[in-house]
Amino acid sequence: MMSRKNPKTHEIVLRCGTIVTMNQERPVLKNMDIHVQEGIIISIQPSRSCPAQYPDLVEFIDAEEALVIPGLVNAHTHVAMTLFRGLADDLPLRQWLFEKIFPAEAEHLSPETVYWGALLGCIEMIASGTTCFSDGYFFQGQTMLAAHKAGIRALIGQGVIDFPAPGVSDPKKNLEIGEQFIEKWLNFSDLLTPSLFCHSPVTCSEDTLTGALDICRSHRVPLQIHLSETQDEISTIVQQKGRRPVEYLDQLGLLSEDLIAAHVVHLDEREMAILRDRGVKVVHVPESNMKLASGVSRPAEMIRMGIPVGIGTDGPASNNDLDLLMEMDTAAKLSKVYTGDPTSLKAWAVLRMATIGGAAVLGLAEQIGSIEEGKRADMVVLDLQQPHLQPMYDPVSTVVYSASGGDVRDVIIDGKVIMKNREFVSLDTQEAAWHVRRIAENIHP
Ligand SMILES: [Zn+2]
C-alpha cells in the first residue's frame, strides 16, 4: 500500500465510488480517482485498477463504498466554549449571556483552559467532517495553537468588546491587543488567518467598531461581528442610535466586503438590500438561533438576492454541538417550516452554504470549498455502509437529510490525512477530553 520514493512528494489517491464535487458543471462524479500531491488536487480521472499505477504513492484510500464531499466550513463558532457545553440551557439570550456565560468566562477562561477547550472543539469538528472554521473568542493565540495542533484550517478572530474581558482587563486596550494578535499570528501558518471579532453593535462603541475595521483592512483580513441577532439588540440600537443596526453600521462605514456578519436574523427588505449592495458576507446560525429563541433568519431570500451566505454552529454552549451535517438538516427544515414552502432552501443550496458558500464568506473560495483540480485538498469521506444511508438516489439528499457527523470515516485537510477509519492519525483525542473534564469539575452552573 505504501511506497515512498521521494519523501518530499506526498501523494494521496482516493479511489472514489461517488464524489459530490460542488462544482456546478460536474456536481456528482462516479468511479474516479482523486490524486493529491503536495496538498493540491492535481487530477480527478477515471479509476485505474491498481494503486501500483501511481509510482510516487504515499497513501491510498479506498472510498469505493463511500461518498466523498468537500471538507465542511463552519463559518461561525466560538470553539473553546466546549468548556461551557450544557452549563446553562433553556434561557433567553440576555440572561444566558450576562448571568451565565460572561461570569463563567471571567472566572474560568485562561490561556490553558482556552487551549484545551479549543483543541477538544477542533477534534469534534474534524471527527464530524469540518475542515475549516471561523472563530471569535478570547486568548485566541491559544486557539491558534490548538487549531495548528489539530491540523485544521481556520480564520481566528480575537474578541473585541467594550467591557473588561478575559485577557483584556482594560477595554481601552482591546484594539491594541487585537492588532498585536494579528501581527503576531499573520505568518504563523498557511492554514490559519488571524482576524478581529467585534462582539456586537451593542457591546462595541462606534470608535471600537470603526477602529477594528481599520486594523483588519490594514492587514487585509476580514472583520467578524454578530449582527441583528435578537429583537432586544434591534430595540437597543434604535433607542440609542435612532436607526436599526444595519443602517447604523452602514452609517459608520462598516458594511463592506471586509465584514462577515453572523446570525443576521431580524432584517427588513431594505436592510437586506443594503447588505447585498455593500458586499457583506453573512453566516446563518440556525440551531443557536432556535435554542436561544432569537428568531429565524432568511438565508434562502438572501441567497436569491446574491448575498454570500455560509452556515455555522455558533459556540457549543448554545447549540450544543459542532456537527455541521446536523446543522444543514436543521437549516433546510427550518427554512421550510418558516416559509411554509417545502421547496425553500433545497439540499443543494444548504450543502453549498456548508462548502463553497462558506469558503466564499471566509475569502477562501479560490482555495477550498469544492473538489476540483488545482484546489487545496480538503475532503471528507462518509461511510456509506450505514443502514440509514441506504439506498442513495441522490448523494446531496443523503448528505443533507440522512448523514450526521458520526458517519464521517476519513478526513483530509490540505492534503494530509488527519482521520482515517475514524481514528486520528497523530492526535491523542482523549488527552483534550480529559483536560476539559478536569477543568469542568471546577465550573458550577
Ligand atoms: Zn456567535
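At roughly what angle do the axes of helix α11 and helix α12 cross? I started my notebook with that one.

**Ground rules.** I'm looking at a predicted model, where local features need pLDDT of at least 70, side-chain atom pairs count only at pLDDT 80 or more, and totals for chains, interfaces and linings use all residues. Residues are numbered from 1 along each chain as its sequence is written, and side-chain values use heavy atoms, with hydrogens and water left out.

**Entry: α11 and α12.** I found that the axes of α11 (residues 324-339) and α12 (residues 347-354) cross at roughly 140 degrees and come within 10 Å. (Helices are DSSP runs of H or I with at least four residues, strands are runs of E with at least two, and both are numbered from the N terminus. Axes are lines fitted to C-alpha atoms, for helices over the stretch in contact, and angles run from 0 to 180 degrees between N-to-C directions.) That angle makes α11 oblique to α12; under 35 degrees would be roughly parallel, over 145 roughly antiparallel, 65 to 115 roughly perpendicular, and the rest is oblique. Leu324, Met328, Ala331 and Ala332 of α11 make the contact with Val350, Leu351 and Ala354 of α12, where contact means heavy atoms within 4.5 Å. By class I get seven nonpolar, no polar and no charged residues. (Ala, Val, Leu, Ile, Met, Phe, Trp, Tyr, Cys and Pro count as nonpolar, Asp, Glu, Lys and Arg as charged, and the others, Gly among them, as polar.)

**Entry: the zinc ion.** Which residues hold it? I looked it up: His76 (NE2), His78 (NE2), His226 (NE2) and Asp314 (OD) coordinate the zinc ion at 2.1 to 2.3 Å. (Donors are N, O and S atoms within 2.8 Å of the metal, or 3.2 Å for Na, K and Ca; water is not among the atoms, so sites may look incomplete.) I wrote down the sequence spacing of the donor residues as H-x1-H-x147-H-x87-D.

Entry: I came across a cis peptide bond between asparagine 319 and asparagine 320, with omega about 5 degrees. Asparagine 320 sits in the loop between β12 (309-311) and α11. Another cis bond joins glutamine 390 and proline 391, with omega about -15 degrees; proline 391 is in the loop between β13 (379-383) and α14 (395-402). I also checked valine 264, which isn't a glycine but has a positive phi of about 45 degrees. I found valine 264 in the loop between β10 (259-263) and α8 (269-278).
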